[in-house]
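I am setting down what I looked up in this structure, entry by entry, in the order in which I looked.

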Amino acid sequence: MHVWYEMGWHRVNEPVAPLPWPPPPLGVQVTADGVNVAVFSAHATALDFCLLDPDPNSSDGWSERRVRLGGPIHGVWSGHVPGVRPGQRYGLRAHGPWDPARGLRYNPHKLLVDPYARGVTGKIHHSSAIYGHVTDDNGITVDMSLPMDTQDSRAFVPHSVVIETPRRTERPAKPFVPWDRTVIYETHVKGLTKTAPDLPPELRGTYAGLAHPTTIEYLVNLGITSVELLPIQFFVDEPHLTRSGLTNYWGYNTLAFNAPHEAYATEAARAAGPAAVVAEVCDMVDTLHAAGLEVILDVVYNHTCEGSEVGKHLSKRGLDNTTYYLH
């Protein structure tokens, strides 16, 4: 079976059987011979798990193999996909009704980031293709009836990455400081060490820089008990900032709540891939715990980078707009 999208022909596998109920945790879980996939999309009519591989002959440098997940069972689409290993890039495509007036925004032309991905890589390339509805070249809505846009977004959006859950048998205990002795130090991973003269240049502004002995010594000498980090979940820049030549510094524009922001990792970790970025974050937390410091993460749950009803079409909006978002 083949289906036509603007970027070319893509093979769609025969549907895989849904996994036995109850399903595995949402997202992608590595098994001995492949992965188990579970995606919540209660109002979709079909859900594709899209495997992405480099392809120099493709117009955007990627080939795509689509596996139709089984289900849904209680809103969850799932299946076992053999042969997929850690490091594999992937995305999701959701099929269903396009009826914005009812909040239904299914558009299979858009490659979606898995909301439960533990690794995400790449950047947003601002284009009308990253919107589910028709916009002008600046992403400005031109028709408030929101007609469906049929451009493929694969070349313009970050990709989810299969990550094997880190298993660390020996980790320092969490400090669990009583509230009456808690002194919280709120800081920014990049800003704390970007200009620190005592750090090696390659560690400045990174997770590893925050865990460096000189940084730990500085924090401990302040007399604090807890480090609260401004958002380190994977985020992207807003279109109006990009148009002005600016970037989002603070991180309050989340795309993936379960994946670390890769730009804060060392160059070596970024080059090694999202698993190495996750490992650097785990090392940072372990080091702070070993020094007796709690770690608190600032998480932005009141909005995402998809924005308003005329915003981008990157993840949750395309999977289940009426469930993930309050209307």
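**Entry 1: a hairpin and its sheet**

I began with strands S7 and S8 (residues 76-82), which run antiparallel and are joined by two bridges. In this predicted model I found Gly70 bridged to Ser78 in S8, and I noted Ile73 standing opposite Val76 of the strand S8. The two strands S7 and S8 make a hairpin with two residues between them, and His74 in the turn takes a positive phi of about 50°. I also checked the peptide bonds here and found that the one from Gly71 to Pro72 is cis, with omega near 0°; Pro72 has its place in strand S7.

**Entry 2: the nonpolar cores**

Which residues touch the most other members of the largest nonpolar core? I read off Val35, Val37, Leu47, Phe49, Leu69 and Val81, out of 40 residues in that core. The elements giving two or more residues to this core are the strands S4 (34-40), S5 (46-54), S6 (62-68), S8, S9 (89-95) and S17 (254-260). The largest share of the core, five residues, comes from S5.

I then followed Phe49 on its own, leaving aside its neighbours within four places in sequence, and listed contacts that include Val28, Val35, Val37, Leu69, Val81, Tyr90 and Leu92, together with Arg65 and Arg66. Apart from this core lies another, of 21 residues, among them Leu210, Ala211, Tyr264 and Leu288.

**Entry 3: helix H6**

Helix H6 (residues 274-290) has 17 residues and reaches 24 Å from its first C-alpha to its last, close to the 24 Å expected at 1.5 Å a residue. Its buried residues include Val277, Val278, Val281, Val285 and Leu288, but I also noted Glu280, Asp286 and His289 as buried. Just after H6, Gly292 takes a positive phi of about 85°.

**Entry 4: backbone values I checked separately**

Most residues other than glycine have a negative phi, and most peptide bonds are trans. With that in mind I wrote down a further cis bond, from Trp21 to Pro22, with omega near 0°; Pro22 is found in the loop between strand S2 (8-11) and S3.

Leu146 has a positive phi, near 55°, and lies in the loop between strand S12 (119-121) and strand S13 (159-161). Phe176, which is not a glycine either, has a positive phi of about 50° and sits in the loop between S13 and strand S14 (184-187). Is Leu146 buried or exposed? Leu146 counts as buried because its relative accessibility is 6%, under the 20% cut-off. Phe176 counts as exposed because its relative accessibility is 64%, over the 50% cut-off.

Where pLDDT is low, the predicted coordinates should not be read in detail.

Note on methods:
Residues are numbered from 1 along each chain as its sequence is written. This is a predicted model: local features need pLDDT of at least 70, side-chain atom pairs count only at pLDDT 80 or more; totals for chains, interfaces and linings use all residues. Side-chain values use heavy atoms; hydrogens and water are left out. Helices (H or I, at least four residues) and strands (E, at least two) are DSSP runs, numbered from the N terminus. The expected span of a helix is 1.5 Å times one less than its number of residues. Buried means under 20% relative accessible area, exposed over 50%, partly exposed in between (1.4 Å probe, protein chains only). Two strands pair if DSSP finds at least two bridges between them. A nonpolar core is a set of buried Ala, Val, Leu, Ile, Met, Phe, Trp, Tyr and Cys residues joined through side-chain atoms within 4.5 Å. Contact means heavy atoms within 4.5 Å.
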